[in-house]
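I wrote each entry as I went along, beginning with the surface.

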Amino acid sequence: VSLPLHSDQSEYSLTLPLNGSGEFSGGGTYFAGLGRALNCCAGGLVTFPGHLTHGACPISSGVRYVIVAFMYEHREEGGSEAIPQR
């Protein structure tokens with residue numbers, strides 16, 4: 001299974017691997033602008049602006065477990081007041 005090239009609507013996208021690279025072969029997040037895939041060990045994090053064109057490389061053996069998350073910025077209408085710090 002792989003994911004074709006696309007971009008996200010999020011400000012930032014994150015991929016958090018849950019298992020080590022010894023448990024699968026292949027995979028990773030492919031970035032069109034880099035011309036290659038990035039992958040990291042379990043507990044590492046790949047984060048990038050959601051507008052970047054990316055996709056998922058296929059897994060050639062084993063199973064890869066990841067958490068994918070999307071971050072958005074919420075702005076109140078009519079202003080850009082900063083949240084007070086305590």
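**Surface patch.** I took patches to be made of residues with over 30% relative accessible area and no salt bridge, where like charges are joined within 9 Å and nonpolar side chains (Val, Leu, Ile, Met, Phe, Trp, Tyr) within 5 Å. Accessible areas come from the Shrake-Rupley method with a 1.4 Å probe, and for residues only the protein chains shown count as cover. I found that Leu18, Val63, Tyr65 and Ile67 form a nonpolar patch on the surface, with about 380 Å² of accessible area together.

I noted that this is a predicted model, in which local features need pLDDT of at least 70 and side-chain atom pairs count only at pLDDT 80 or more, while totals for chains, interfaces and linings use all residues. Residues are numbered from 1 along each chain as its sequence is written, and side-chain values use heavy atoms, with hydrogens and water left out.

I then looked up Val63, which sits in the loop between strand 8 (59–62) and strand 9 (66–71). Val63 counts as partly exposed because its relative accessibility is 43%, given that buried means under 20% relative accessible area, exposed over 50% and partly exposed in between (1.4 Å probe, protein chains only).

**Overall make-up.** I counted helices (H or I, at least four residues) and strands (E, at least two) as DSSP runs, numbered from the N terminus, and the protein has zero helices and nine strands. Buried residues make up 21% of the 86 residues. The protein exposes about 6400 Å², and carbon and sulfur atoms supply 56% of it.

**Strand pairing.** Two strands pair if DSSP finds at least two bridges between them. I saw that strand 2 (residues 12–17) pairs with strand 6 in the antiparallel sense over four bridges, and that Tyr12 has Pro49 in strand 6 as its bridge partner. Strand 2 also runs antiparallel to strand 9, to which six bridges join it; there, the bridge partner of Leu16 is Ile67, a residue I had already met in the nonpolar patch.

**Aromatic rings.** I let rings of Phe, Tyr and Trp (its six-membered ring) pair if their centres lie within 6.5 Å, with planes under 30 degrees apart counted as stacked, over 60 as edge-to-face and the rest as tilted. A search of the whole structure gave one aromatic pair. Because Phe31 lies in strand 4 (residues 29–31) and Phe48 in strand 6 (residues 46–49), the pair ties together parts that are 17 residues apart in sequence. Phe31 and Phe48 are both buried.

Contact means heavy atoms within 4.5 Å; not counting residues up to four places away in sequence, Thr29 touches several residues, among them Thr15, Phe48 and His54. Ser25 lies in strand 3 (residues 24–26) and counts as partly exposed at 32% relative accessibility. With that same exclusion, Ser25 touches Pro58, Ile59, Ser60 and Ser61.

**Salt bridge.** I required a side-chain nitrogen of Lys or Arg within 4 Å of a carboxyl oxygen of Asp or Glu, and the count came to one salt bridge. Arg75 forms it with Glu73, the closest N and O atoms being 3.2 Å apart, and Arg75 counts as exposed at 61% relative accessibility.
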